[in-house]
Amino acid sequence: MTDTTDLAADGWEPILAAALLGAERAPPALPGPLADLVTQADPGSALDPGSALDPGSALLARLTLHGTHHLAGLDLAPDAMEPIAPREPAGPECPPAAATRLYALLTGGYPARERLREWFDLAAEAGMRPPAWLHQALMRHAEHLPETAHAVAGAELDWLASACGEAKAAEPDADDWTEGPLAARRAAFAAFRARDPEGARVALEAIFRKEKADLRESLVGALWTGLSSADEPFLEACLDDRAGGVRQAAQRLLPRLPGSLYASRMAVRATTALVIASKSRLLRSATHELIVTLPEESPTLARDGVEPHAWERRGGGVRAGLLRDILARAPLHAFAAHPPRLWLELALRSEWAEPIVQGLFSGIAREGDTAWARDIVDLLAEAYEGKVSGLRRSNELLGRWVQALDLLPGPEWEARVTELIRARKIEVVLAVLAKGPDAFSERFSAALMDWLAFVTRGSESLRHDLAKPWVIARLGERLWPGEDIAAAAAALAARLPEDEGNDRLRQQVAGLAETLELRLAIRREFETR
Amino acid sequence: MSLTTAQILDLAPDAASRKAGQDQAKPAKWSGLGRAGSVIWGEIKGSGATPYRTVADLAGPASKCTCPSRKFPCKHGLGLMLVDASSALPEAEPPDWVAAWAKGRESRAAAAETKATAPAKPVDEKAQARRRQAREDKVAAALDELDLWLRDLMRRGLAAARTEPYAFWDRMAGRLVDGQAPGLARRVRALPGLVAAAPQAGGARPEAALGLALGRIALLARAARRLDALAPEVAAGVRAALGYPVTAEEMALRPDQLDDWAVLAHAVEEENRLTARSVWLVGRRSGALAQVIDYGTAGSPLPPAPAAGQDFCGALAFQPGDPPLRAVFRDGRAGPAMEPGLPGAGSVAAARDAFALVLARAPWTERWPVRLAGVRLGRLPAAGGAVAFAAGDATGCLPLRGDPRLPSLLAVAGGRPIDLFGLHDGYGLSPLALATGGRLYAMPAEASQAVLLQVA
């Protein structure tokens, strides 16, 4: 590379070529100042007077002289290099302690992933960036970095990639979603769709038939962004697409349109399968009965994405599986004839409790209907208290209650669990904690820590119960990362009685305290300037 | 005084210790933490029944721990220093075991000093002369053999030599080891690597590299035959390059060179199951360059040395040689850097001239440290798809040698002018440290992750 600039300048290349050939075959040296130097300098060493005549020795002397001369004279002009464009100043750097922490997290392997996400969330909030000396390390971890990392340091990492001469990743260019590799087209189309949902779909319909199956599938999936009832006819048509992937993509999207033809088909199927027969008697309250007609598999059902699964034979049978899938896709307004509570109460008593509950829960989760969720949670709470006739308190019921609570929004979940905590229902709280929101509020965290302290001060068997479900250590991820909470966790770990039976609990509490301490440390490091 | 976190992490012998050290760096894990001057200590619960006692002297930096780990410093030592780095430990009365360690260190240092200054025991001059003569004869015989081998190689040509098996080179290297010229042996042993290497950015083409290396060997061998005709310092440089050790008596006679030596970087290389660590220093007042090399093995760890980014205030003693470079630490203390930046840095042209001057004085020199001031980094037109980088200013530019850590360098430079320190071999520069924005960054001794921040 360097050599090309000064090929002619010195005699190095000819002598190197001669050295490659060897003294036996190489042409003799051309006269010149350096060649003269060789003959002068080599009148034979005292040890070997004949060496001046030795062709190998003469060639070596020439090689050596020219080589040294060449090395000393290697020169590149200032304009041989294209200077790298300065990076735009980006913003304040994070404090050194936070930078060191980031370095540790980057080298910390898989367990540090969650904390890495937290670090970048905090950095984004503080408007700070990682220092330049970490950019290469970040670039190496590019595919594992959280979303916020690209918001915080994306421009700088792009600059570094281009400075290193790496081709820039395909830019999601809105005008160019019709060309390029699949991932780039999908990204471009999603951007287009986010800007103009209607226009994007119309444009997609125009070229849809000509494209390959995997691209059609990918682009239909991208209609998730900005999905509305206007997309219904197109998606309905996709149900008849020749590619299975396209059909599945449409089957995934259509249940999200409660007013669609698809929804009405599902509603009819659901209300055919589940019927509440009411008998009203004079002067007495009405009695209700749930009549379940298990659906048969059919091509029309399969077209809408409800297909029998082989594994259903083990748990409840194929047709029960079809029922669950229909309920999961049916709009909730199909059940408007009766209150949610009644549907669930009757379902729980029926022989088909499992598929119906799972189907309904999926529907509630999809539509995010808190009214339904509240009703059902109330019912399950009462049932677990033994206040609903015909329903026994069982682990199964508790499991469904936990699941139903999870359908509630975070604050409501916390309110309900706070009530349970106040009521000192230890086994219920422990079961409930296995699910719920990913991040607890400060208030709820404080309440939970108090409760943990209370339980650990209790009897040996309480502590045993606490340790059993292995949920405590994981709470560290979800608790509010405040000084008080972390101090409470540390105190809890320190106060735990030292006896044999508590090893498991101590381990979990220590894990909880450590995680909280780490999360707190990351926060502190952003504050110390 | 304290070390920065990055400096401490750079002391770690490997990545696993670095990680483990960070895990130990939680004050809650420690008890009895304290400091007296630059000595810090604490106790930590390990897997054993009794807690480990860890003590470190940040001025060394040196550390000692009662844990059974054979790594040095161990994770507890690193952890202790990291605890101190995040918030300085409180001054306290050192417990007995700390005082004993500190005292032991002092007396060992004093013993070494008395040993160095004490009159050597009567030397059997005859026997010494006999031994010297025996070695000279052996070396002379090995040089004859090398000469024959080189002439034969040139007669057949480098193209033919490139097809030789490894044993062909190794046999000659082995002869040189037997002939007590290990410096030459190392150079010969490196030749098959040059033959097999793929072309690299900022380096000579394989055949050119082979030709140049052979030239250097030939020059060194020729100089070795004419030691008597050379100036004493040049002759000493040749002897060092051949692999003659510099004796303790000789070193004792070398003068102290007092300065505030800025420690620019550590570089670690593996040679023959030995770990060779070079500490690169620049005198802030004299502008002199110095390289202190220490060797370590699995059994005997490397001696402590000031960390990159610190200043070593005190004396170095240079080994004889022309131009002088190799040195050893004498009395002095490591402390925080007085000012960041690169003393004695100049233009690209000046660096080239300096390198040419070194070649004129010692043409067998393989690499020489250079300092560049206010250079920008850039790309060279790529020859074969590979991206090549260079550092340049208005007087010219130097290609940078390919290194997995180069992107860090580009990132820290950010496209703006920087001061750069590295080793130059005539073709390209291997960067070791860079100074920009009032901070000094050094390549980590281990080619792992990122350029470490040294001086905040």
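How many residues of chain A are in contact with residues of chain B? I looked this up before anything else.

**Entry: ground rules.** I am working with a predicted model, in which local features need pLDDT of at least 70 and side-chain atom pairs count only at pLDDT 80 or more, while totals for chains, interfaces and linings use all residues. Residues are numbered from 1 along each chain as its sequence is written, chains are lettered from A and ligands numbered from 1 in the order in which they are written, and side-chain values use heavy atoms, with hydrogens and water left out.

**Entry: the interface.** I find 65 residues of chain A in contact with 74 residues of chain B (contact: heavy atoms within 4.5 Å). The buried area between the two chains is about 5,700 Å², and carbon and sulfur atoms give 61% of that. Buried area here is the accessible area (1.4 Å probe) that two parts lose on being put together, summed over both.

I note five salt bridges across the interface of chain A and chain B, each a side-chain nitrogen of Lys or Arg within 4 Å of a carboxyl oxygen of Asp or Glu. A:Glu13 and B:Arg205 form a salt bridge through their side chains, at 3.3 Å from N to O. On the side of chain A that touches chain B, H3(A) gives the most, with 11 residues. Helices (H or I, at least four residues) and strands (E, at least two) are DSSP runs, numbered from the N terminus.

**Entry: helix H16 of chain A.** Buried means under 20% relative accessible area, exposed over 50%, and partly exposed in between (1.4 Å probe, protein chains only). Among the buried residues are A:Trp343 and A:Glu345. The cover over them includes strands S2 (274–281) and S3 (284–292) and helices H17 (353–367), H18 (370–384) and H19 (395–405) of chain A.

**Entry: the sheet in chain B.** I find four strands in an open, antiparallel sheet, in the order S1-S2-S3-S4. S1 (30–36) and S4 (62–65) of chain B are the edge strands, each pairing on one side only; pairing takes at least two DSSP bridges between two strands. Six bridges join S2 (residues 39–44) to S3 (residues 52–57) of chain B. B:Trp41 has B:Val55 as its bridge partner in S3(B).

**Entry: A:Pro437.** I place A:Pro437 in the loop between H21 (426–433) and H22 (442–457) of chain A. Leaving aside neighbours within four places in sequence, A:Pro437 is in contact with A:Gly410, A:Trp413 and A:Arg478.
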